[in-house]
Amino acid sequence: MAKHFRCGRLFSGLDDRAATDQTIVVSRDGTIAYVGACSAAPTPASHDTVVDHSGSFVMPGLIEGHVHFVAGNAPTEEDVDIHAAAEFKALRTVINAQRLLAAGYTAVIDGGGRGALSVRDAINA
């Protein structure tokens, strides 16, 4: 079963402008099979899913290459490493991960942040 995403405006990153009336088709195995004008898109089969985002702006997820989830707004490194309880660090990490996801980031790199791997594993579970 393929998924057809109808997009009002699509920014693919391949051009500097967003195109209007676009469709993205994702095949059963999760690969992108088509991106382009709705008028030239493959016709959905009866068992395919059509997701209507024709009133929305669609773009790929953003990637943040350097983040420290646990740091938050801690004024010093000691506040993070010494004075904060493990539970507090975990909660701050989750909140910061949620904020990034809500802002459109779908991939991040936390360079050695304590607790980030545990939160990743909990999200995956």
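**Exercise 1.** Determine how many salt bridges the count comes to in this predicted model, and which side chains take part.

*Solution.* Begin with the rule, in which a salt bridge is a side-chain nitrogen of Lys or Arg within 4 Å of a carboxyl oxygen of Asp or Glu. By this rule the count comes to one, and it is the side chains of Arg120 and Asp121 that meet, at 2.9 Å from N to O. The model is predicted, with local features needing pLDDT of at least 70 and side-chain atom pairs counting only at pLDDT 80 or more, while totals for chains, interfaces and linings use all residues. Residues are numbered from 1 along each chain as its sequence is written, and side-chain values use heavy atoms, leaving out hydrogens and water.

**Exercise 2.** Decide whether Asp121 and Arg120 are buried, partly exposed or exposed.

*Solution.* Buried means under 20% relative accessible area, exposed means over 50%, and partly exposed lies in between (1.4 Å probe, protein chains only). Asp121 has a relative accessibility of 41%, so this residue counts as partly exposed; Arg120, with 44%, is partly exposed as well.

**Exercise 3.** Work out the order of the strands in the open sheet, and find which strands stand at its edges.

*Solution.* Strands are DSSP runs (E, at least two residues), numbered from the N terminus, and two of them pair if DSSP finds at least two bridges between them. The four strands follow the order S3-S2-S1-S4, with mixed pairing. Strands S3 (32–37) and S4 (49–58) stand at the edges with a single partner strand each, so one side of each is left without a neighbour in the sheet. S3 runs antiparallel to S2 (residues 19–26), and five bridges join the two; Gln22, for example, has Ala37 in S3 as its bridge partner.
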